[in-house]
Amino acid sequence: MEKTIEVQVIPRSGRNEIKKVGEKLKVYLIAPAEDGRANQALIKILAEYLGIKKSMLIIKKGLRSRQKIIKIIALLTLVLRASLSFAANPPPRQVSEFHLANGFTLLCEEISGSQLVNFSLLVKTGATTEGNLIGSGVTHLLEHLIFKGNETERLTAAVENNGGYTNAYTTYDYTFFTATVPAEKWAEIVPALLNSIFQPAFTPDDFQKEREVVLREISRNEDQPGYQASRNLWDAAFLIHPYRFPISGYPAVLSAVTYQEIKAYHRASYAPGNAILSIAGPIPAEKIKKICSEASAKYTARPAYLPLIPTEPAQVSYRERRTEFPTRLTYLYFGYHINSLADKDSPALDVLADILGDGKTSRLYRALIEKKLAYSVDSSAYTPKYPGLFIVSAVCLPEKTEQVKDVIREEIKKIGSGISRKELTEVQKGLRSSLLFGLETVEGRASDLVVNYFLTGNPLYSQAYLTEISRTKEADVTMVAQKYLRDENLTFAMVGPSAATETSSPSPTPLPTGERNKISKQSPSTLRGEGKGEGKIIPTIQLKTLPNGIPLLIKEERGLPIVSLSVFLQGGLLFEEKDTAGLFPVLAELLVSGTKRKNSQQIAGIVNSWGGSLAPYSGNNSFGLTLSIPSESWKDGLKLLAEILQEPAFPEKELDRLKNEALGGIISREEDSMAKADEILRQSIFGNHPYGLPEGGTRESIQRIDQSIVRKTFRKFLASNNLVITAFGDINKEKVGAEANRLFAKLGPTEINSPSLVSAETIKALTKRETTKKKEAALLIGFPGISVAAEERPQLNLLAGLLNSQEGILFQKLRETEPLVYSSGLGYFLGLEPGMLYFYAQCQPEKVTRVQKVIEEVMAQLKKEAVSPKELEKVRARVLGEEKISRQTLSSQAQEAGLSQLYGLGYDFNSTLEERTKKVKPVDLQMFAQKYFSPEKQVVVIISP
C-alpha cells in the first residue's frame with residue numbers, strides 16, 4: 001500500500017473508468033487533456049475509486065503527461081474510509097438499513113435533487129481470504145472475470161448502454177464494485193448487477209485470456225522501483241499475516257490456478273450474506289428495498305467461506321530489506337506496525353501522519369524538501385480491517401540515502417517529544433472540511449456507507465470518528481508516536497541503483513530534490529450543480545462582466561456550505577518557446593510560493609487554517625488556480641487569490657527548488673516508455689510548434705528560466721482581457737460581484753500574440769523506434785487532430801466513446817478475440833490550435849507488429865463501413881451519460897464553463913455541444929475516420945526492449 005501510486009491516464013476516452021493494473025491504475029477519462037481538465041477529472045474519479053476525499057490526492061509528477069505519480073496524503077491511504085472528516089454542520093443524511101431474507105444487506109441514502117444513482121456493492125472477500133489459494137491473486141482475477149460473459153449478460157454493457165459507468169477493484173480485505181447511472185435508469189441496473197456478481201457468466205476461454213492480462217500487469221509492475229520497494233516493505237513487515245502477499249498474486253501461483261478452482265472460490269465467497277449493497281440517489285428507500293428484494297430473491301441464503309486469518313506476532317526487533325534495481329533514484333519505505341481502524345488510537349495516528357509528512361507545512365517537508373535532501377516525502381496511517389502500518393516514504397538521490405534516512409528517524413524521534421497546538425488545530429480544520437468534499441457525489445456517499453458498515457458495522461461511522469478527531473489532544477498524538485514509532489517496531493525497505501547503474505547514468509545534471517509546491521491538498525469542489533427534483537430550482541451559471549471587462553461566472557448552489565473559487569488565464573504549453581520550455585508549470589507553482597506580503601509557509605498556513613486547499617495548474621492552453629474552502633471564508637479566499645495574482649513575489653529560493661523539481665521530472669520521464677513515446681510522437685507531429693515541445697521542458701530550457709523571465713511572462717499574461725474568474729457554491733452573487741470588482745478593478749488589457757498555426761500539410765507518414773530496458777513495449781499511432789472550437793468535436797467524442805468502451809470494436813479485437821494487449825485505446829488532446837489523435841497500446845514486445853496491424857484494421861473498417869444506428873445510439877447514451885456524471889461537482893462545472901469562456905466559446909458551450917452530439921449520424925463518424933485516419937499522415941512510435 002504505497003503513499004504514491006502510478007497512474008496512466010487516457011483522456012477523452014468516452015467514459016470514466018479505472019482499470020487496476022497490479023498495484024497501478026489505468027484511468028480512462030471523458031475530460032480532454034487540456035488546461036488541467038483531465039487532471040481535475042482524474043482526481044475526482046480516483047478519489048471515488050479509493051473511497052477518499054479529492055483533497056487527499058495531489059498530482060506530484062506528470063501534470064501534462066499521461067503517466068502520472070499521484071500522492072495520497074496522510075489519511076487512511078487505501079482503506080476507502082470515505083468521508084473521514086467532517087466540516088461544521090454537515091447536512092443530515094437520510095440513510096436506511098435493510099436485511100433481506102437471504103442475508104443480503106442493503107443500505108440506502110436518499111439524495112433529493114440528484115440526477116444520478118450510484119450502486120456500491122462490497123463483497124467480504126479480498127487477498128487475505130483466499131485460503132488454500134493464498135498468494136495466487138485469485139480474488140483480483142475473479143474481480144476481472146465478473147465483467148465477462150456475452151453482451152446481454154455483461155454488467156458493463158447494461159450500465160454503459162444506459163449512459164453510466166462501472167468499475168471495480170480488489171483490496172486486502174474486500175472486493176468492491178460500483179456503477180453510476182442516470183436516475184431514470186436505476187431499476188434496470190439492479191438485476192444486471194446482482195446477476196453479474198452472484199451468477200457470473202465467464203467461460204474457460206475468458207479465464208485463460210484474463211489471467212494472461214493479469215500476469216502481464218504483474219510483469220509490468222515488477223519493472224517499477226516504487227512497486228518493488230513497497231512490496232519489500234510489506235513482505236518484510238508481515239511474517240505470517242496475508243498482508244505480506246501482493247493483491248495481484250505471485251505469477252507462479254496464479255499460473256497454477258485452474259478454472260474449476262476459481263469457480264469454486266466464487267461459489268464459496270460470493271454468497272448473499274457475504275455482500276453489502278449501498279445505493280445513493282433521489283430514490284425513496286422503500287422503493288429501493290422493493291426492487292432489490294424482488295431482484296435478489298432467486299439468490300438463496302448459504303454460508304460464506306471465511307478462512308481463519310492468522311494473527312501477526314508482535315515485532316520485537318528492527319528489520320531491513322535492501323534491493324538493487326536499474327533506476328537512478330532511491331526509494332525508501334519505513335513501516336511501523338499499528339492497530340486496525342476500530343482501535344481507539346486510530347484518530348491520533350491519522351493526525352500524527354498529517355503533522356509528520358502531509359504537505360508543505362509538515363515537519364518532514366521542511367526537514368527534507370526545503371533543504372533539498374529528498375525528491376519527495378510523505379507519511380500515512382494505513383489502518384484496514386486488521387492491524388496495519390504507519391508508513392513514511394521518500395525518494396532521493398542514491399548518494400543522499402543515508403542522510404535522508406537519518407533525518408527521517410530524527411524527525412520521528414522529535415515528534416515523540418510533543419507537537420504544537422497550531423499543528424494540531426490546522427490538521428483538525430483540514431479534516432473537518434474533507435467530509436463536505438466527500439459528500440459531493442452519489443459515488444462518494446454510497447461508498448462511504450458501505451465501507452464504513454463493513455469495517456465498523458455503522459454506515460455513518462465517519463461522523464463518530466471525526467468527533468474523536470476533534471477531541472484529540474496534543475498529548476494523544478505524542479502518546480501514539482511514542483507507542484508505535486519505535487526502532488524495534490520498524491521495518492525499513494529500500495530499492496536503489498546498483499553501482500553499475502549509477503556509473504552509467506547519462507544524466508549530466510544531478511537529480512535535484514523538492515516536491516512540487518502543491519499548497520495543502522488537491523483542489524476539491526462542490527455537489528450536484530444540476531440536480532433537479534420536485535419544487536427544486538435548478539441553479540444556473542450567470543455571467544457578470546466587471547467594469548474592466550473581466551468575465552465573472554457565478555453559480556449559487558446552497559447544497560453544501562463550501563465554495564470553489566478559480567482563475568483561468570490563457571498561457572501554458574501553446575505559449576512556450578524552445579529556449580524556456582517548461583516555463584508555465586514552474587510559473588504556476590511559483591504563484592503560490594509567495595507574495596510581497598506573505599511567504600509560501602504563510603500562504604499554506606492561511607489555507608490550512610480555513611480547512612481548504614489551493615491548487616495551481618498549467619495545461620496545453622491555459623494556467624490558473626483553484627481555491628476550495630468553507631463558504632464562510634469566501635471573501636478572505638477571493639482576497640487571497642487577488643493578492644497572489646497581483647502581488648506575486650516569485651522568490652528566488654522557491655524558483656530554484658521548482659527548477660530542480662522539474663529537472664527531476666525530466667529524468668523520471670526518460671525512464672518511462674510511454675512518456676518517451678509520447679514525446680517523440682508530439683515532436684514528430686508538431687515539429688517546431690510549441691505543442692511539440694517536451695512535456696516539462698529540457699534540462700537546458702529549465703536551467704535558463706530565471707526571475708526576470710518569470711516576471712516578464714506573468715506581467716504579459718495577467719490582464720483583464722486574459723482572465724476569467726469563477727465563484728461556484730454557497731455564495732451570494734451580488735456580494736461576490738461587488739468584492740471581485742473591488743479586488744480586480746486595477747487590471748487592464750494586454751495583447752498576446754499566438755504562435756504560428758500547426759500545419760498538417762507538412763506531416764508525412766513515418767515510423768520511429770527506440771529501445772528500453774523495460775519488459776513491456778509501448779506503441780503509439782498518431783495523427784494531426786482538431787481544435788477546441790472544431791465543428792467535428794461531437795464526432796470525435798462519439799468515436800472515442802466507441803473505441804474506448806469494453807463493448808467497442810478495438811477492445812474486443814485486442815483483448816477478447818486475441819489477448820494481445822494489457823492496455824489500449826484512442827486518446828487525443830484539443831488545443832486552441834489543432835491537437836492530435838493517437839491510438840496507444842502496451843503489450844509484450846513480440847506482439848507489437850500484430851497489435852499495430854489490428855489497430856490499422858480497425859481504422860480501415862471505420863472508414864469503409866458506417867457504424868449501425870443501433871450501435872451509435874448505445875455510444876451516444878454512454879457519452880452523454882458520462883458527461884452528466886463528470887459534471888457532478890461544482891469545480892468540474894466551473895472549470896468547464898471558465899475555460900470555455902476563456903477560449904471564446906461561451907460559458908454555456910457544453911450545452912450546445914450536447915445538442916450537436918445528439919444530431920450526429922453514423923455517416924458522420926465514417927467521414928471523420930476517413931478524414932483524420934490518413935495513412936499519409938500516420939506517425940508510428942514504438943518503444944521496445
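This briefing describes selected helices, salt bridges and a surface charge patch in the structure above. The model is predicted, so local features need pLDDT of at least 70, side-chain atom pairs count only at pLDDT 80 or more, and totals for chains, interfaces and linings use all residues. Residues are numbered from 1 along each chain as its sequence is written, and side-chain values use heavy atoms, with hydrogens and water left out. Helices (H or I, at least four residues) and strands (E, at least two) are DSSP runs, numbered from the N terminus.

**Helices and burial**

- Helix α6 spans residues 225-237, and its 13 residues reach 18 Å from the first C-alpha to the last, close to the 18 Å expected at 1.5 Å a residue. The expected span of a helix is 1.5 Å times one less than its number of residues.
- Because 12 of the 13 residues of α6 are buried, this helix is largely enclosed by the rest of the structure. The buried residues of α6 include Tyr 227, Arg 231, Trp 234 and Asp 235.
- Helix α30 (residues 890-902) also has 13 residues and reaches 18 Å between its first and last C-alpha, close to the 18 Å expected at 1.5 Å a residue.
- α30 is mostly covered, with 13 of its 13 residues buried. Gly 904 follows α30 and has a positive phi, near 80 degrees.
- Ile 412 belongs to helix α12 (residues 401-415), and this residue counts as buried because its relative accessibility is 5%.

**Salt bridges**

- A salt bridge is a side-chain nitrogen of Lys or Arg within 4 Å of a carboxyl oxygen of Asp or Glu. By this rule the count comes to 34 salt bridges.
- Glu 109 and Arg 445 meet through their side chains in a salt bridge of 3.1 Å, N to O. Glu 109 lies in strand β8 (residues 105-110) and Arg 445 in helix α14 (residues 442-456), so the pair ties together parts that are 336 residues apart in sequence.
- Glu 109 counts as buried at 0% relative accessibility, and Arg 445 counts as buried at 6%.
- Glu 739 and Arg 742 form a salt bridge at 2.6 Å, N to O. Both lie in helix α25 (residues 733-744), 3 residues apart, about one turn of the helix.
- Glu 739 is buried, with a relative accessible area of 7%, whereas Arg 742 counts as exposed at 53% relative accessibility.
- Lys 918 forms a salt bridge with Glu 914, in which the closest N and O atoms are 3.9 Å apart. Both residues lie in helix α31 (residues 909-918), 4 residues apart, about one turn of the helix.
- Lys 918 counts as partly exposed at 41% relative accessibility, and Glu 914 is partly exposed at 24%.
- Salt bridges that share partners join Glu 320, Arg 322, Glu 402 and Lys 405 into one network.

**Surface charge**

- Lys 596, Arg 711, Lys 712, Arg 715 and Lys 716 gather in a patch of positive charge on the surface. Patches are made of residues with over 30% relative accessible area and no salt bridge, with like charges joined within 9 Å and nonpolar side chains (Val, Leu, Ile, Met, Phe, Trp, Tyr) within 5 Å.
- Lys 596 sits in the loop between α18 (583-591) and α19 (600-610), and this residue counts as exposed at 65% relative accessibility.

Conventions: Accessible areas come from the Shrake-Rupley method with a 1.4 Å probe; for residues, only the protein chains shown count as cover. Lys and Arg count as positive and Asp and Glu as negative; His and the chain ends are not counted. The place of a charge is taken as NZ of Lys, CZ of Arg, CG of Asp or CD of Glu. Buried means under 20% relative accessible area, exposed over 50%, partly exposed in between (1.4 Å probe, protein chains only).
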